[in-house]
Amino acid sequence: MNVLILGIDGYIGWSLALHLLSRGHTVAGIDNFSRRTNVGSVSSDSAIPIPEIGKRIEACERILGKKIRFYEGDILNYDLLRKVFSEFRPESIVHLAEQPSAPFSMISREHAVYTQHNNVEGSLNILYAMKEFSENCHLVKLGTMGEYGTPNVPIPEGFFEVEYRGRKDLMPFPRQPNSMYHLSKVHDSANLHFACRVWNFRATDVMQGVVYGTRVTEMTDDTLLTRFDFDESFGTVINRYCAQAVIGFPLTPYGAGHQKRGFIDLVDSIQCLTIAIEKPADRAQYRVFNQLDEVYDITGLAEKVVEASSKFGLKVEVNHVPNPRLEKEDHYYEVEHNHLRELGFRPTRKIEQTLDIILEDLLRYRERILQHKDAIMPRTKWVEAKSPKPVGELLHERLVAYDGDISKISQKDGLASTHRLSMDGSGTKA
Ligand code: NAD
Ligand code: USQ
């Protein structure tokens, strides 16, 4: 199959490219290297050195005997998309080319605007390029589990059955994201759903959990490895913990540390995306996959990393730091994730095995992590310390306290001037 990977130079994009090639697919990719630039802008670098794209492609040809067709450029440039779509004629597109960091999107107004502009306009351009050149092409779009937030009910795969005033319908599950980045993905999902409903597109919207790991099996040589970030913006929690452990830096659960998230090994993320590509959605089908393997509490994860590190003679401490983000720190979290399993997904290995592999890989690059250790501690705050709690957060707390009965929320709860939603959906002033 002709697969076009948008964001091929990235953490997941490069890993996916190597795996798809090994399965006999023809792969082309686009990248504007913004990930490299953005990580540089927060004074950090990939712990694992990654050659520039020409050398990566050369290594791929030399070591794996496979060719990648690469287009340098920005997917915000529609003329570039015209050229790529008309030359390569993709049958499947995997869209990973977005600004993926929540903290980066929260640094300033400019970072928020950049993130949403890059992500939302980029995705729209893809939809219009599909409309112009390949309506039958299947789009696999990376969304994120964070689109849903952390509601106090189980999270279904995109849709849930609602009964309201005696009538039933299948509706999109509410999205309550916690950062400007996660919010950009919600806008993308709405646009994708629209394209499937109105233009009969076929699309899979992947609500992926946090990915961890250093490699996939095709990375048989160091020049084929993918990037690995550990700074406060671009490092994700397990990868950060491992990098911290390797340099003897205390692990940094934020706040109370009972935040729960869905996680997936890089190898399994690639396995799932491959399944989505090889078993595409039907015409006019908007398919949503919750792509994760296990749910972990972030302090429990820190303990797992401490244990794994001890096998390498590393003595590691855990030091909870004030939470720079506004998020629930102790909450209910249940996620349905059956669709990919029904299509054949089976997790490759246990997290303990992967932690060993990550630590072994990172120990070789300890000096590179040390060079950028100042980029580890969180500095980007969601709100300044003195800001009052946002009304949405207060409202949620009260709803939980009153078993979801909004009518019991009284003026005493400090929501007197809040514009409340009554149960029949009309707005009422408290
Ligand atoms: P990444 O930043 O490493 O990869 C994205 C790539 O796209 C980068 O190489 C970047 O340079 C490129 N890119 C960004 N904007 C572009 C543009 N306008 N034009 C051309 N290229 C552009 O990120 P990743 O970790 O590989 O994530 C890939 C996708 O998966 C993202 O959409 C991210 O939101 C999503 N995701 C990631 C994770 C995770 O834990 N890594 C989890 C859930 C979802
Ligand atoms: N966290 C810590 N300590 C750290 C880093 C993070 O406690 O040192 C906490 C965060 O506060 C959060 C959780 O760990 O509660 C996850 O944070 P993260 O940085 O690993 O993940 P997140 O910001 O949600 O973003 C990452 C990717 C993003 C992807 C998302 C999937 O950067 O691209 O969309 O994971 S998900 O979280 O399911 O939405």
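Which element gives the most to the shell around ligand 1? I looked this up before anything else, keeping in mind that the model is predicted. The element is α1, with three residues.

**Ligand 1**

I counted the surroundings of ligand 1 and found 27 residues, with G7, G10, I12, P100 and V211 as the closest. I then listed the elements that give two or more residues to this shell: α1 (11–22), β2 (26–31), α2 (34–41), α6 (109–133) and β9 (210–212). Sorted by class, the shell around ligand 1 holds twelve nonpolar, ten polar and five charged residues.

**Ligand 2**

I did the count again for ligand 2 and got 21 residues. The closest to ligand 2 are P100, T144, M145, G146 and Y254. I noted that P100 is listed among the closest residues for ligand 1 and also for ligand 2. At least two residues of the shell around ligand 2 come from α8 (237–246), and at least two come from β10. By class I have eight nonpolar, nine polar and four charged residues around ligand 2.

**The sheet with β9**

I traced an open sheet of three strands, in the order β9-β10-β12 and with mixed pairing. β9 and β12 (294–297) are the edge strands, each with a single partner, so one side of each has no neighbour in the sheet. I noted an average twist of 45° from one strand to the next.

Next I checked how β10 (residues 260–265) is joined to β12. The two strands pair in the antiparallel sense over four bridges. Across this pairing, K260 stands opposite D297 in β12.

**Helix α9**

Which strands does helix α9 lie across? I find that α9 (residues 266–278) lies across β9 and β10, and that the helix runs at about 80° to β10. I checked the length of α9 as well: its 13 residues should span 18 Å at 1.5 Å a residue, and the end C-alpha atoms are 18 Å apart, so the two values agree.

I then looked at how covered the helix is. Ten of the 13 residues of α9 are buried, so the helix is largely enclosed by the rest of the structure. I wrote down the buried ones as L266, V267, D268, S269, I270, Q271, C272, L273, A276 and I277.

**Helix α7**

I took helix α7 (residues 180–199) next. From its first C-alpha to its last, α7 reaches 28 Å over 20 residues, close to the 28 Å expected. My list of buried residues in α7 reads M180, Y181, H182, L183, S184, K185, V186, D188, S189, L192, A195 and C196. I asked what covers them, and the cover includes α5 (102–105), α6, β5 (138–142), β8 (202–208) and β11 (286–291). Just after α7, I found N200 with a positive phi of about 60°.

How many residues of strand β6 are buried? I counted zero among the six residues of β6 (residues 159–164), and the strand is hardly covered. I looked for its partner and found strand β7 (residues 167–172), paired with β6 in the antiparallel sense over six bridges. In this pairing F160 stands opposite M171 in β7. The two strands form a hairpin with two residues between them. In the turn, I noted that R165 has a positive phi of about 50°.

How values were computed: Residues are numbered from 1 along each chain as its sequence is written. Chains are lettered from A and ligands numbered from 1 in the order in which they are written. This is a predicted model: local features need pLDDT of at least 70, side-chain atom pairs count only at pLDDT 80 or more; totals for chains, interfaces and linings use all residues. A residue is buried if 20 or more other C-beta atoms lie within 10 Å of its own, exposed if 12 or fewer, and partly exposed in between; C-beta atoms are placed from the backbone. Two strands pair if DSSP finds at least two bridges between them. A residue is near a molecule or strand if its C-beta atom, placed from the backbone, lies within 6 Å of it. Ala, Val, Leu, Ile, Met, Phe, Trp, Tyr, Cys and Pro count as nonpolar, Asp, Glu, Lys and Arg as charged, and the others, Gly among them, as polar. Axes are lines fitted to C-alpha atoms, for helices over the stretch in contact, and angles run from 0 to 180 degrees between N-to-C directions. Two residues are in contact if their C-beta atoms, placed from the backbone, lie within 7 Å. The expected span of a helix is 1.5 Å times one less than its number of residues.
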